[in-house]
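Me: I want to go through this structure and ask what stands behind each label. Please give the cut-offs as we go.

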Amino acid sequence: MKITVIGTGYVGLVSGTCLAEMGNEVLCLDLDAAKIDTLNQGGIPIHEPGLLEMVRRNVAAGRLSFTTSIEDSVAFGQLQFIAVGTPPDEDGSADLKYVLAAARNIGRHMTDYKVVIDKSTVPVGTADKVRAVILEELAARGVELPYSVVSNPEFLKEGAAVDDFLRPDRVVIGAEDERAIRLMRELYAPFIRNHDRVIVMDVRSAELTKYAANAMLATRISFMNELANLADKLGADIEQIRVGIGSDPRIGFHFLYPGCGYGGSCFPKDVQALIRTAEENSSPVRVLNAVEQANDEQKHLLLHKIRARYGDDLRGMHFALWGLAFKPNTDDMRAASSRVVIEGLWQMGATVTAYDPVAMTESRRIFGDDPRLRYATAPIAALAEADALVIVTEWKEFRVPNFEQIKAALRQPVIFDGRNLYTPSQVREHGLEYFAIGRR
Ligand code: UDX
């Protein structure tokens, strides 16, 4: 099939590349010429395991190309994926200006049947708006052309996005006409071994499914985080509780890990957007307000623990920080807990040396060359002169450290672990003070 993907951000680039990998011809459009240059020169603007090789392979095979030309991109694909950003407005609702601009361009330039597919996470009702602006543009040109608008939310996890796209748990298709449904089924057939994984529903339900999935996952995390804090007070161990409840198949083990808060480009934004949608429709989802509040508070938890140990005045103190990314296998620091921790430590007068396997470039972009934040080239090197180690991201390379080496390198033998990476008794055997989340 011939496919256009509008937007070469995270979702667009992964989707376009994986669709090309299955043998489709894909043209990706971005108005950011610098991004398109990078891609045309064989680079990619994001960090995602396996993606660079796949982009190069498909470009070399002639199935994947990149452009800044709107005319070319509209002419190219019968399927037009909209995968542009939907940044939050001041009030937290998703800003649709890029989505609607993309739809308008399609209406302005199309000359034959198009399936316009919303891949970006967009509020319920967006497909109707997309349909309306295309119709407006066609009317302005005085032409009548057939088109379908489909909602096809993505469920990609950063760090595992290529795999998630190639081997999806499910493909949700919100569509209301047979022609579009047939084309979408055909498109996804090679990705699924079993057709039950394609779930066709009405457009609004598909739009809401995406928010419901992310909000449910965020809810599990905030629930576990608050329970961990309670366990802390009660002298119970959240790790035991996690195993104890996860073994109930109705609960399950996934996404039950307490920590120093969830971040990233999806959960915080989607939870907020769903809260706004619910309020606008006078049907509040009260739980989600609590989920969001609990998460904001949880991002400060390590700071509270540090304050409880050393007091408010940390002038002259220096902290080692392991992990900057909001989670492992990505360099993404959007809404990352590390940012709250770094800024909090600064506020109390302390300085920081950070180590992250891939996110240090991103951190420099965010914090500039602030002298209060230095970087180390290895985890152990970050500990030099530090009064304590603070862990915020559960990178694999932090999981089995040499505790003797840690103890020797630190000025004071103290670890604040925001991801519960270690067994408390084992850390303590090495003579280290250990503060984790809800562990005895
Ligand atoms: C998420 C959804 O998983 C994905 O389906 C959707 O399409 C986009 O949003 P992503 O943002 O890449 O993906 O991150 P995810 O792996 O879901 O983790 C989100 C955050 O939750 C991270 O900060 C992570 O550290 C935190 N988390 C996750 C926990 O604190 N505990 C857990 O048990 C799981």
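Me: What makes strand β5 (residues 114–118) count as mostly covered?
Reply: In β5, 5 of its 5 residues are buried. A residue is buried if 20 or more other C-beta atoms lie within 10 Å of its own, exposed if 12 or fewer, and partly exposed in between; C-beta atoms are placed from the backbone. Strands (E, at least two residues) and helices (H or I, at least four) are DSSP runs, numbered from the N terminus.

Me: What kind of model is this, and how are residues numbered?
Reply: It is a predicted model: local features need pLDDT of at least 70, side-chain atom pairs count only at pLDDT 80 or more, and totals for chains, interfaces and linings use all residues. Residues are numbered from 1 along each chain as its sequence is written.

Me: Which residues of β5 are buried on each face?
Reply: Lys114, Val116 and Asp118 are buried on one side. Val115 and Ile117 are buried on the other.

Me: How do you know that β4 (residues 79–82) pairs with β5?
Reply: Two strands pair if DSSP finds at least two bridges between them. β4 and β5 have 4 bridges, so they pair, in the parallel sense. Leu79 stands opposite Val115 in β5.

Me: What does Val116 touch?
Reply: Leaving aside neighbours within four places in sequence, Val116 is in contact with Gln80, Ile82, Ala103, Ile106, Val130, Ile134, Tyr147 and Val149. Contact needs C-beta atoms, placed from the backbone, within 7 Å.

Me: What makes a set of residues a nonpolar core?
Reply: The set holds buried Ala, Val, Leu, Ile, Met, Phe, Trp, Tyr and Cys residues joined through C-beta atoms within 7 Å. The largest one here has 122 residues. Those with the most contacts inside it are Ile82, Val116, Leu321 and Val390. Helix α9 (residues 203–234) gives the most to this core, with 10 residues.

Me: Why is Val291 called buried?
Reply: Val291 has 25 C-beta neighbours inside 10 Å, so it counts as buried. Val291 is placed in helix α12. Not counting residues up to four places away in sequence, Val291 touches Ala218, Thr219, Ser222 and Val271.

Me: Where do the domain bounds come from?
Reply: They come from an automatic or database domain assignment. That assignment gives domain 1 (2–201), domain 2 (211–297) and domain 3 (299–435). The C-alpha centres of domain 2 and domain 3 lie 24 Å apart. Their contact takes 12 residues from domain 2 and 15 residues from domain 3. On the domain 2 side, helix α12 (residues 286–298) gives the largest share, 3 residues.

Me: Which strands form the open sheet, and in what order?
Reply: The 6 strands run β11-β10-β9-β12-β13-β14, with parallel pairing. What makes β11 (373–375) and β14 (433–435) edge strands is that each pairs on one side only.

Me: How many bridges join β9 (residues 318–322) to β12 (residues 388–391)?
Reply: There are 4 bridges, and the two strands run parallel. Ala320 has Leu389 as its bridge partner in β12.

Me: Which residues of helix α14 (residues 337–347) are buried, and what covers them?
Reply: Ser337, Ser338, Val340, Val341, Ile342 and Leu345 are buried. Their cover includes α13 (301–310), β9, β10 (351–355), β11 and β12. Gly349 follows α14, with a positive phi near 100 degrees.

Notes. Contact = placed C-beta atoms within 7 Å.
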